[in-house]
Amino acid sequence: IKRIGVLTSGGDAPGMNAAIRSVVRTCAYHKIECMGIYRGFQGMIEGDILEMGPRAVKNIVNKGGTVLKSARSKDFMNPEGRQRAYQNLKKYEIDALVIIGGDGSFTGGLVFNNEFGFPIMGIPGTIDNDIFGTKYTLGYDTALNTVVEAIDKIRDTANSHNRLFFVEVMGRDAGHIALNAGIGAGAEEILIPEEDLGLERLLESLKKSKASGKTSSIVVVSEGDKIGKNVFELKDYVEENLPEYEVRVSVLGHIQRGGSPSCFDRVLASRLGVKAVESLLEGKTNFMVGIQGDKIELTPLEQAVKGKSKIDEELLRVSDIMST
Ligand code: F6P
């Protein structure tokens, strides 16, 4: 391998820049070239590719988003698109690819590898933390801190006005952000896709909390929860059934994806980038680098895509006890 291409794909996540920097500098360290591919697979199809030397990634370790930009490419879902992408990789003499993204990006990478036998390595980058084979994905820790900071502020108003707040957080189909930020921010209840609390139990719990002397409450709602009502419908439902509550809704949205990465995400990104490049240089392909325990390990990409990242049962119990 003489030249590695790197791209970011899918939703951006804090720490992606630190990972790009790590890939570029690890290539330089091993005296091979690195090419930055812009806008994910779309840029690969359109030939939006530039060489990146170690100085090209200065001053980005602390930046959110991705300097390579990102996209969810529809054209890459077609064989013609992938063929064009392959031609471009050949044109630029790229021998292997590092894909920084989530499971959708890895699935695209696998299809590409199946068709052209092109060596690929995945680095998990998504705030959702929903990828099997890594305890943490890039951006998750930063997103948790952003959510906790936002809820701390909401708590001031909740407390001053004796209100109940439903705070909706991201996570697509996974409840990691909701559960961990919910515990960290002292939520009364946490609604996640993995465990449906049910409307009745939610009402019961809110009644109990009022009776126990609590004057304000925060309920963290994961966007993918299975309770069957969106946050605004939940507000109406609770106000109808528990008129003693004054309810407000706050949808945190994309602020959760932005901002300067935490130290944890920067260190993780640096470690994953080194392992990704060095694994490719050792001749490995179709793996994802991830953190397991305190070690950076490889997981076959197929497993990373198919496996499910599980919610920690202990956290569910802790959250229950904390709302006593
Ligand atoms: O996967 C990251 C994520 O932020 C999810 O939490 C959310 O469901 C989705 O992306 C939103 O995607 P978009 O920015 O394309 O609306």
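Guide: What follows is a walk from that residue out to its surroundings. Keep in mind that the model is predicted.

Start with the record. UniProt, in an unreviewed entry, lists Asp128 under "active site". An unreviewed entry also gives "domain: Phosphofructokinase" for residues 3-279. That span is 43% helix and 16% strand, and its end C-alpha atoms lie 14 Å apart.

Now find Asp128 in the fold. Asp128 sits in the loop between strand E5 (120-124) and helix H5 (140-160). Is Asp128 buried or exposed? Asp128 counts as buried because it has 27 C-beta neighbours inside 10 Å, and the cut-off for buried is 20 or more. Set aside the neighbours within four places in sequence. Asp128 is then in contact with Gly102, Met170, Gly171, Arg172, Ala174, His176 and Ile177.

Next, the ligand. Asp128 belongs to the residues around the ligand. By class, the shell divides into two nonpolar, four polar and four charged residues.

Step back to strand E5. Five of its five residues are buried, so E5 is largely enclosed by the rest of the structure. In a regular strand, side chains alternate between the two faces of the sheet. Ile120, Gly122 and Pro124 point one way from E5, while Met121 and Ile123 point the other way. Strand E4 (residues 96-101) pairs with E5 in the parallel sense, over five bridges. Within that pairing, Ile99 has Gly122 of E5 as its bridge partner.

Ala19 is one of the residues that touch the most other members of the largest nonpolar core, which has 85 residues. Val23, Val98, Ala178 and Val220 are the others named there. Helix H1 (residues 16-29) gives the most to this core, with seven residues. In soluble globular proteins, nonpolar side chains tend to be buried together.

One last stop is another loop residue. Tyr38 is found between strand E2 (33-37) and helix H2 (40-46). Tyr38 counts as buried because it has 20 C-beta neighbours inside 10 Å. Beyond four places in sequence, its contacts are Gly43, Asp48, Leu68 and Lys69.

Conventions: Residues numbered from 1 in each chain as written. Predicted model: local features only at pLDDT ≥ 70, side-chain atom pairs only at ≥ 80, totals over all residues. Near = placed C-beta within 6 Å. Nonpolar A, V, L, I, M, F, W, Y, C, P; charged D, E, K, R; others polar. UniProt positions renumbered as here; feature names shortened; annotations may be inferred. Helix = DSSP H or I, 4+ residues; strand = E, 2+ residues; numbered from the N terminus. Core = buried A, V, L, I, M, F, W, Y, C linked by C-beta atoms within 7 Å. Buried ≥ 20, exposed ≤ 12 C-beta atoms within 10 Å, placed from the backbone. Contact = placed C-beta atoms within 7 Å. Pairing = 2+ DSSP bridges.
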